[in-house]
Amino acid sequence: MNTNTLKDSGAKLMNLAHRFVLTVSGRRLLAQPFGMPLVELHTVGRKSGQPRSCYLTTPVHDSKRVVLVASKGGDDRHPDWYRNLQAHPDAELVINGERRKVHARTATPDERAELWPKIVASYQGYANYQKRTAREIPVVICDVTG
């Protein structure tokens, strides 16, 4: 098994474990990792066309938008959920128990410059992830549509 396969398997296992703990605890445990709200993102697979979901945190959000960070822990590759959103930007997410329709887009350079300090203020780990990779970590703005 190569390094990327091990990393990806570990990430999938963590997501399954997170889902299990949330379910068993009635959504009381792990609902605010690193002090940020947890969102469940529902996308369409870019290759398979099948429904996909994963848990992410949102360092910046309000009633009109939810900001996600495509960090993949500082990996040199974009996360699958981000690539799925690039192919199919209309998605759904669950935040605070409410399912919402969103349209996702990568922040413009100006939007990213404005948001990045707020993102890092919310969780310093994002700055560390950026240091680990040569790619600029995308900031994804999910505009609430419904």
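Modeller: Let's begin with E92, R99 and K101, which a network of salt bridges links together. A salt bridge here means a side-chain nitrogen of Lys or Arg within 4 Å of a carboxyl oxygen of Asp or Glu. This is a predicted model, where local features need pLDDT of at least 70 and side-chain atom pairs count only at pLDDT 80 or more, while totals for chains, interfaces and linings use all residues. Residues are numbered from 1 along each chain as its sequence is written, and side-chain values use heavy atoms, leaving out hydrogens and water.

Biologist: How many salt bridges does the structure hold?

Modeller: There are nine salt bridges. One of them joins the side chains of E111 and R105, at 2.9 Å from N to O.

Biologist: And E98 with R100: is each residue buried, partly exposed or exposed?

Modeller: Buried means under 20% relative accessible area, exposed over 50%, and partly exposed in between (1.4 Å probe, protein chains only). E98 is partly exposed because its relative accessibility is 46%, and R100 is buried because its value is 15%. Their side chains form a salt bridge at 3.7 Å, N to O.

Biologist: Which residue does E136 pair with?

Modeller: E136 meets R112 in a salt bridge, 3.8 Å from N to O. This pair links distant parts of the chain, 24 residues apart: E136 sits in the loop between α4 (125-132) and β7 (139-144), and R112 in helix α3 (residues 109-122). Helices (H or I, at least four residues) and strands (E, at least two) are DSSP runs, numbered from the N terminus. E136 counts as exposed because its relative accessibility is 55%, whereas R112 is buried at 11%.
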